[in-house]
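Trainee: I would like to learn how to read a structure like this one, feature by feature. Please give me the general idea each time, and then show me the case at hand.

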Amino acid sequence: MKTAPVALLPGVCVLLLSASTVSAVSLSVSPNLQQVFSGSSPVSLSCDDGWTVRRTRGNQTDECGPAADFRRLNESLCVQDLQTTFTAIYWCETSSGQKSDEVTISVSEKGVILEIPALPVIKGRNLTLRCRLNSGDTMAAYFFYSGRRLGPRNKEHTISNVQQSNEGFYWCATDLSGSSAHSYLRVRDPPTTSVRSSVHSRETMSPIPSLPPPPTNCSSPRPPPAPSSCAPVLRLLSHLLAFCIYSITTGLLLSICLDRLAARRSGNRLPVSVEMTQCIEQNYEAVVDITGERALYEDSEYSE
C-alpha cells in the first residue's frame, strides 16, 4: 500500500503534460480591454488554426459556439455579446488539452471603468491607464495599485518602462461616479532573440539595392574630356586646304610671270629662263608667308 503514491506519479505527469499551457500561442482580443460596459459592442476573440476559444463563466466551462451569447463566426473567430453583467476567463485550447494564456474580461454596470489591457503587457513598453465614464468621456480620477494611490488626481496615469514589479491589481475612483472594478495587470518578457532574428532575416532576405547619391561637391576636379574622334579628320582637312591654297597661288604666280614674259619679248631682255626664275623668286616668298601662316594658325587652333 505504501507504493501506491509512487505508482500514481506517471499518470499525474501525463495529465499535467496533456493540460500544459503553451505561452507561444496567445488569444487575440479586440478591443484589448479587461473592463467593458454592458450593452457595448461585442468583443471578438480568436485563436490560431487548430485551436478553439473556450471560457469559464461562473462554474461552467464551455467552448465557442453552443451558447447564444458566445457564438462562432468561423473556425477561429468568436464573438462575446455584452448584454449582461458577468466576469469570464477566456483561453485557446486544442483537442489534446493544450492551453494558451488566459484572459479575464469583466462586463460592468457601474458608471465608470478602468481602461486596462486584457492581454499581457510586454516589458519595457509604456502603458497609459484611463478612467472612462459610461457616457464615453474620460474624467480626472485617482488611480490605485495594490491598495495605494498613484499620485494626485489626473485624467490618465502612465507607467513608463513596464517591468515585472508593475504586475498587480489596478482600479480608479472618481468623486461622482465611484470606483471601477479591480483588474489584474500581467507583464511578460519580450520575444526571444531567435524570434526577432527570424523576423529580421525575413525582412532582409531580398534587400533592394540602393544607388549611391550623386556628388554634391561642386569644387571637385572634373575628369579630362575624352578625345574627340573628329580631331584627326579636321586636322587632315586643314592640311588639304593649305595644300589647295598653295597650289592655286602657285598656278596664278606662273600665269602672271608668263604674261610678263610675253609682253617683254620685243625688247632686249635677259633670257626667258632667267626672267622666269626672278619672277618666281619675287612672288614665292609671299606665297610661302601666306600658306605658312595659315598652316601654323590651324595647327595651334586644333592643338588647343
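Trainee: Which residue forms a salt bridge with E63, and how far apart are the closest N and O atoms?

Mentor: The partner of E63 is R54, and their closest N and O atoms are 3.4 Å apart. The term stands for a side-chain nitrogen of Lys or Arg within 4 Å of a carboxyl oxygen of Asp or Glu. Side chains of opposite charge can pair when their charged atoms come close. By this rule the protein has 10 salt bridges.
Before we continue, note that this is a predicted model, in which local features need pLDDT of at least 70 and side-chain atom pairs count only at pLDDT 80 or more, while totals for chains, interfaces and linings use all residues. Residues are numbered from 1 along each chain as its sequence is written, and side-chain values use heavy atoms, with hydrogens and water left out.

Trainee: Is E63 buried, exposed or partly exposed?

Mentor: E63 counts as partly exposed because its relative accessibility is 34%, where buried means under 20% relative accessible area, exposed over 50%, and partly exposed in between (1.4 Å probe, protein chains only).

Trainee: Which parts of the chain does the salt bridge between R57 and D69 tie together?

Mentor: The side chains of R57 and D69 meet with 2.7 Å from N to O. R57 belongs to strand β4 (residues 52-57), whereas D69 sits in the loop between β5 (60-63) and β6, so this pair joins parts that are 12 residues apart in sequence. Strands here are DSSP runs of E with at least two residues, helices are runs of H or I with at least four, and both are numbered from the N terminus. R57 is partly exposed, with a relative accessible area of 26%, and R55, R57, D62 and D69 are linked in a network of salt bridges.

Trainee: How far apart in sequence are the parts that R130 and E156 tie together?

Mentor: R130 and E156 form a salt bridge whose closest N and O atoms are 3.2 Å apart. Since R130 lies in strand β12 (residues 127-133) and E156 in strand β15, the parts tied together are 26 residues apart in sequence. R130 is partly exposed at 30% relative accessibility, and E156 is partly exposed at 35%.

Trainee: Why does H157 count as buried?

Mentor: H157, which is placed in strand β15 (residues 156-159), counts as buried because its relative accessibility is 19%. Leaving out residues up to four places away in sequence, H157 touches L127, T128, L129, F143 and L150, a contact being heavy atoms within 4.5 Å.

Trainee: Which residues have the most contacts inside the largest nonpolar core?

Mentor: In soluble globular proteins, nonpolar side chains tend to be buried together. A nonpolar core is a set of buried Ala, Val, Leu, Ile, Met, Phe, Trp, Tyr and Cys residues joined through side-chain atoms within 4.5 Å. The largest one here has 21 residues, and those with the most contacts inside it are L27, V29, L45, V53, F70, Y90 and I105. Strands β3 (43-46), β8 (86-93) and β9 (103-108) each supply at least two residues of this core, and the largest share, 4 residues, comes from β8. Beyond its neighbours within four places in sequence, F70 is in contact with residues including L45, V53, R54, E63 and Y90.

Trainee: What is the strand order in the open sheet of 4 strands?

Mentor: Strands of a sheet pair through backbone hydrogen bonds, either parallel or antiparallel. In this sheet the order is β1-β3-β7-β6, with antiparallel pairing, and two strands pair if DSSP finds at least two bridges between them. Strands β1 (28-30) and β6 stand at the edges with a single partner each, so one side of each has no neighbour in the sheet. Strands β3 and β7 pair over 4 bridges in the antiparallel sense, and V43 stands opposite Q80 in β7.

Trainee: Is S100 buried or exposed?

Mentor: S100 is in the loop between β8 and β9, and S100 counts as buried because its relative accessibility is 2%. S100 and W51 are 49 residues apart in sequence, with their C-alpha atoms 9.3 Å apart in space. L73, in the loop between β6 (70-72) and β7 (77-80), is exposed, with a relative accessible area of 53%.

Trainee: How many helices and strands does the protein have?

Mentor: The protein has 4 helices and 19 strands, and buried residues make up 27% of its 304 residues. Among contacts with a separation of 6 or more, 58% are between residues 24 or more positions apart.
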